[in-house]
Amino acid sequence: RRYNFGKTLIGEKGRNAMILETIHLGDLYPFLREKGRDPVLRAYLPDTIPETEGRKRPGLLIVPGGGYGVCTPREEEPIALKFVPEGYNIFILIYSVAPHGFPTQLREAAAAMEVIRDRWERNGEPVVMLGFSAGGHLTAHYANAYDWPEVRAVFPDSKPVQGTILCYPVITAEPERTHRNSFERLLGHRDLTDGEIRRFSCQNLVSEKTPPAFLWTTAADEIVPAVNSLLYAKALSDHGVPYELHVYPTGRHGNAAVDDQTCAVPLSAEDARGSEWVEEAKRWLRLSLLK
């Protein structure tokens, strides 16, 4: 298979350098280029040094938010760089947004997983998806629906993930609890049918096969209410799926890493407590999945 990518080495090879690669998924799967789409997979790869030769590196696939209308840069590279020092292979999926809707995003996530498994994570290393807001919906959706007919029609052997990190995620399509704009853009219309509400509310998709999850949100989130995370956590609990849930008392929606680099507005001392999620997520990865 031929890959069309840009590859850059940052630093001196063999001395804790980092390899950056960019892959346009439509170059590998031409149907993903239809209607002007250009989904991109970016890779941040620790360069092997002699002492770590042959060591397995789990994968972390980051999915930014933006209400299915944009992919927010604050939830892309700044987040990747938080996790690079942990020794993971880090990936970012820049997926298509409105006017492109379902099943486009699920298929692009499946394409990213095909490339990750084919090129880097070939030996069964765990791959975890980390999604923010609407990217959290795509993450939870793919984790539970990676084998839906709409995906298997183009990727017959679509790959599961082994865990999810959900950051103030959009989970439910229920009108009184949802972020309406996300589903309007995903499905192309405002008023969802009862069947669409059931099918695209991720808490309804959870089963015993759902991968473990780490969730965090804030009780003060007025854009995507914290109940979204609570509904998903309850569904995981009901099905015996391991999870960890953090609800911080204050903080705006979309605060990303909750630091001065990634927050859209200056942080208060009280809101800054939410930055704990980064270290908590790293700990969860080490103890739960990446042993």
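This is a predicted model: local features need pLDDT of at least 70, side-chain atom pairs count only at pLDDT 80 or more; totals for chains, interfaces and linings use all residues.
## Reading turns, salt bridges and a pocket

Student: Where is S133, and what is its phi?

Tutor: S133 is placed in the loop between β6 (127–132) and α4 (134–145). Its phi is near 50 degrees, a positive value in a residue other than glycine. With a relative accessible area of 8%, S133 is buried.

Student: How many salt bridges are there?

Tutor: First the general idea: side chains of opposite charge can pair when their charged atoms come close. Here the count comes to 14 salt bridges.

Student: Which residue forms a salt bridge with K82?

Tutor: D259 does, with the closest N and O atoms 3.0 Å apart. This pair links distant parts of the chain: K82 belongs to helix α2 (residues 77–83), D259 to the loop between β9 (243–248) and α9 (276–289), and 177 residues separate them. For the two ends, K82 is partly exposed at 28% relative accessible area, whereas D259 is buried at 15%.

Student: Where do E279 and K282 lie?

Tutor: Both are in helix α9, 3 residues apart, which is about one turn of the helix. E279 is partly exposed at 43% relative accessibility, while K282 is buried at 7%. The pair also belongs to a network of salt bridges that links E86, E279, K282 and R286.

Student: Are R33 and D27 buried or partly exposed?

Tutor: Both are partly exposed: R33 has a relative accessible area of 40%, and D27 has 27%. Their side chains form a salt bridge, 3.6 Å from N to O.

Student: What lines the second largest pocket?

Tutor: The lining consists of F31, L32, E34, K35, R37, P99, H100, G101, F102, P103, T104 and R107. By residue type it divides into 5 nonpolar, 3 polar and 4 charged. The pocket volume is about 230 Å³.

Student: How far is L32 from L20?

Tutor: Their C-alpha atoms are separated by 23 Å, for residues 12 apart along the chain. L20 is in strand β2 (residues 18–24) and is partly exposed, at 23% relative accessibility.

Student: Is S201 buried or exposed?

Tutor: Buried, because its relative accessible area is 0%. S201 is in the loop between α7 (194–200) and β8 (213–218). Its side chain reaches the backbone oxygen of I197 at 2.6 Å.

Student: What is S201 in contact with, leaving aside its neighbours within four places in sequence?

Tutor: With that exclusion, S201 contacts I171, T172, A173 and E174.

Note on methods: Residues are numbered from 1 along each chain as its sequence is written. Side-chain values use heavy atoms; hydrogens and water are left out. Helices (H or I, at least four residues) and strands (E, at least two) are DSSP runs, numbered from the N terminus. Buried means under 20% relative accessible area, exposed over 50%, partly exposed in between (1.4 Å probe, protein chains only). A polar contact is a pair of N or O atoms within 3.5 Å; within protein, one must be able to donate a hydrogen and the other to accept it, and residues adjacent in sequence count only if both atoms are side-chain atoms. Contact means heavy atoms within 4.5 Å. A salt bridge is a side-chain nitrogen of Lys or Arg within 4 Å of a carboxyl oxygen of Asp or Glu. On a 1 Å grid over the protein atoms alone, a cavity is a set of points where a 1.4 Å probe fits but cannot get out, and a pocket is an open set with protein on both sides within 12 Å along at least five of seven lines; lining residues have an atom within 4 Å of a point. Grid points are joined across faces, edges and corners, and a volume is the space filled by probe spheres set on the points. Ala, Val, Leu, Ile, Met, Phe, Trp, Tyr, Cys and Pro count as nonpolar, Asp, Glu, Lys and Arg as charged, and the others, Gly among them, as polar.
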